[in-house]
Amino acid sequence: MITNGAGQPCGLVTNIQKYTIHDGPGIRTEIFFKGCPMHCLWCSNPETLSPRQQLGVYPKKCLGVEKCGYCLKACPLGAETPIRFEEGQLQPVVMTGACRDCLACADACPAKALMVWGKKMTVDELMKVIVEDRSFYARTGGGVTLNGGEVMLQWEFAELLLQACRQAHIHTCVESALYCPPEHLERVLKYTDLLITDIKHMDTDVHKALTGVGNERILDNIRLAARMGMRMVVRTPVVPDRNNSEENIRAIAAFLRDEVGGAVIQYQLLPYRKMGTEKYETLGMPYPLGEDYKPPERAEWEARLLELKRIVREEYGVPAEAGSSQKLPV
Amino acid sequence: MAPTATVTLTNEENLKQHKDVYENACYVDTKPQAVEPFDKEWGVGLSGNTPEPSPFPRINSILKVTARTTNGFVAPDRAELVTEAYKAHPGESQEIKCAYGIANVLEKTPLYIYDDELIVGGLGCDKKGAPVHPEFGLNWVVDEMRDGLMDYSEQRTHDYFSYTADTQKRMEAIEDFWRNKCVEDYTNSLLTEEQLKGSHAGKGVFFADAYIFCGAGHLGLDYDRLLNMGFGGIRDEIDQALSKLDLSKPEDLEKRDFLRAAKIANAGAIRHIQRYAELLTAKAAETTDPKRKAELEQMAANCTHIATGTPRTFWEAIQLVHLANCIILIECNGHSISYGRFDQYMYPYYKHDIETGVSTREKMQELIENFYIKIWDLNKLRNHILIKTFGNGGIGGPALTVGGLLPDGRDGTNDLTFMCLDANAHVRVPNPWLAVRLHSDTPWELKVKTANVIRLGTGEPKIFNDDVTIPSMLSSGISLEEARDYQVVGCVEPDVSGKEYGWHDAGHMNMAKVLELAINNGRCFHCNAECPRWSKCGALGERLGPQTGDLRTMTSFDQVLESYDKQMKYWCDQMVSLLNAVDIAHQNVRPLPYLSTVMYGCIEKGVDVTKGGTKYNFTGPQGVGIGTAGDGLATIKQLVFEEKRVTGAELIQAAEDNWVGHEPLYALVNSDYVHHYGNDDDYADELTKFAMDTYCKHIEHRPNAHGGFFQPGCYSVTVNVAHGVKQWASIEGRTAFEPVSDCMGAVHTHCCSHDVKGPLAICRSVTKLDHARATNGTLLNWKFSPSALAGEVGRDNFIALMDEYVHRKGMHSQFSVTSQETLIAAQKDPDNYRDLLVRVAGYSAYFVELNKDLQDDIIGRTELSFD
């Protein structure tokens, strides 16, 4: 487990989002953990992929080396600094071998042109933020959602945080792709009220091509959660020309009907949205689906989702919905 | 109650009947009956961009000829008729002269009846016409005509008024007569240089000029008195009061002139309504369509009856309410004449008509919608400076309140509550300014209805919180029953309808400017020879304010707070004294005999409403720039005194240089590195509270000139833009002339928004401030992207947010539900967005009619997105 200077357990968190309403019931505070063992082609949170702190670079926000240049003064590497300016403007920085990851440059930047993705936070620090919105959870049946990245990569810390939420009487959701050892999952689910997970493809080879890993472990973990009596929201991000075939959705529906059954309270078919491209730029990474990848017109994909929803509902009896705006039956 | 004939009631009997009204109120609990289902959805963020929004063809057809603009024309008749009356009665007292003035207008001004409409009444001119009120000031009207500032020009791109050469000539012809006879001239004779240097005429530390040109307005008449007595009953009450006078007593001698004036004005009102009856009868006679003919005949009969009698039906009651309010607007140049608790005082008529079969729910729904459009047709003349601070206010402030507690503490929601909200969604014009009162036991159905109308995105309605407003009013000495029975006036202000002459929105204090003077030893930033006051101030080594301290030499943060406190006291002294001078001018120059007849207590006391004739008398000026002042204090505390990252001298120099050459510091003070108000951060929130409390402390309970005291408010409406235009850069990251923060909201500068933690954090930060202390009202503007409120999930979570704001004792909220893209598209292509209504602050306006500064201010407000 990661620790801070004082030796306390920490999570590495990229973002705390308040008032989220789509990942679990009611008004929620969502915590995004950094690091993911998968790399889905359509990932819209590339800053959560790497399990260590990273520099995000926003050249447009830079004040220029003439007026500011605080980052260069802060960098301990002097002339060997990986921070580069061209014509006075900041260039995307890659944390090169010379870089000691001290992130002093980001601390010195007043304009947030250099910023750090990933912040170490203790349970107490996170709970302080979480309880701020307690009254809203109470009014709406909301609570906390742990998300990522892959929260299960930091399962020990997640377990501690979920325990603290339980003690504080706060509803908990875990959103995970479930590519993790089952014994870790068992530990975490003990303190989880609702699990949100997804199935991207039923064919393990295609799954591997799309996400970097096969699906066997994931499906096994879903079976395990169902056996534990875990209530689940299962999702499929429906990505045009990647996993949106009727055949694939039917296979997922059959799996849910036959092997998960009543544990699924909602099956959500989510539309693909081209999001996060700016973040890829700030990290110096290419967009994996390709810069030119374009989703079809709204009317087209909407009709497609509704048709798939109809098939899953009527032919498989699985409670499917298009999108994540429909109320959860909790 | 069964109002069938003219009855005369004492105030006590009146009050008894008034109780009866509330006992009859029905509880909807789960089954409100209105024309629309309670959970009817009209879409999210569509605003007014819909053809034929009403289910009633008649309403849609009236809407087709209804102008979607606050522009109008100057109507000269009123000014001439008042002049004629003043000239005919040169020896009479001021009260009598004023009464003859209004009576002459009501007797002779042209009347209009329009196709399809079911209600009559206007301001004595065609739709969108604005009569001239020379008693308040004529110089500016004529000057603006001469200087080309009244009609469209580069200096006046909205709220402009066309006029003919003939109109200008007619106004010039009476200009000399009014010199030194009007409120404006009288006030100016009372003012000193010290009062003026910080005012609208000086550096704009505060604005207190609105009521110099306008009347005070900002009130609602006593609806129970009007409906239960009628103008006939009021006439009889005046006669009785006159007959009881003992003229050997000097005080009765004084009352005599007031009562005579009231009698003249009352007779004028009766005559005015009779004239409508006559005109309607004539119109009916020449109408061939039998359906319309019957309607006109009914309308004539309605007017004939209510000229002196008490209304018997919903139709008669709504007609009387409209006419009685139009006459207030004809008499007085004030705005924000409000419609009280419409769903409460109209309920007995609704119930009666349904039970007896006189009318149907649909018919009454149609009447309410027609009534809303009639209010939108009205207009008021304002000068080219005032319209900048009150962009597209139009007639200004005709609030209409629904929902909330009854005087006995039960919930008062009824069918009409729902119908009034439906009517807003059906007509989608900016008037009236609808206010829904919420409290901890508001029925779920009403919350759904309110949320659905808000989600539509026209900016209506606003929500008011009984749970904090009622205690706040109690703290001003208002009785529990009356406090529970409050209405909302104009943009923001809680008010006891008919019993309060509240001088709401009397002035504005720029707290951010006060902070500037407090850290710069009384001197403005950017003090130089270009300032119009240079020769009598800076050039002599003088400074605008008192020398209370200089941040460059201060050694502790407490010294900053102390200096702010002293500086604030000085400027509040100036504003209060200026407002009291205006108050005295109104009493001496322009008493309001007609208004006095429809307010509670004036006839009984024998005192005009301007002199304190009614029960409660306040003056309510607002603190503006709360967030800007709070962030400024936090910036100083954190960066200068705690972290010592910059010196006070450097910080002031950066602002003096408008941040040029200080870019890193500019980025830093605008970043979330610095504690900022609006993020649920106690550090900044407590300092913001200090900034606000200090203002309240120096305003509250100071005596005013009409027998009451001052009440602070905390909101800006749009005056934050006007204050910003007068202020150089400020230390929390504002560049020169940018708006200061709006209402209770967080700071958003050209660089970025200072609130970054979303709606829940805003809700919590804002409710750490003491709303109850701002007895003249508070306001928080929320702006949501439509996607945040979509679907049942969006709706219910939004309701939870409203509930929490109510629970945490936030007083008042208003909502914009328009996407940033829509607003920017509308800015580029105004013609395709003529019907796009948006919340400005306190009211809604057509976005494309606003000036660019205000448009940018609205676009800049942080858009709250939930996902």
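Predicted model: local features only at pLDDT ≥ 70, side-chain atom pairs only at ≥ 80, totals over all residues.
A residue is called buried here if 20 or more other C-beta atoms lie within 10 Å of its own, with C-beta atoms placed from the backbone.

Helix H19 of chain B spans residues 444-456 and reaches 19 Å from its first C-alpha to its last, which is close to the 18 Å expected at 1.5 Å a residue. After H19(B) comes B:Gly457, whose phi is positive, near 100 degrees.

## The largest nonpolar core

The largest nonpolar core has 349 residues, and among these B:Met346, B:Cys420 and B:Met511 touch the most other members. When neighbours within four places in sequence are left aside, B:Cys420 is in contact with B:Phe342, B:Asp343, B:Ile368, B:Leu400, B:Val402 and B:Leu434.

## A three-stranded sheet

Chain B also holds an open sheet of three strands, ordered S2-S1-S3 and paired in parallel. Strand S2 (129-131) and strand S3 (161-162) of chain B stand at the edges with a single partner strand each, so one side of each is left without a neighbour in the sheet. Strand S1 (residues 72-75) of chain B is joined to S3(B) by two bridges, the two strands running parallel, and B:Phe73 has B:Ser162 as its bridge partner in S3(B).

Notes. Residues numbered from 1 in each chain as written. Chains lettered and ligands numbered in written order. Helix = DSSP H or I, 4+ residues; strand = E, 2+ residues; numbered from the N terminus. Expected span 1.5 Å × (residues − 1). Core = buried A, V, L, I, M, F, W, Y, C linked by C-beta atoms within 7 Å. Buried ≥ 20, exposed ≤ 12 C-beta atoms within 10 Å, placed from the backbone. Contact = placed C-beta atoms within 7 Å. Pairing = 2+ DSSP bridges.
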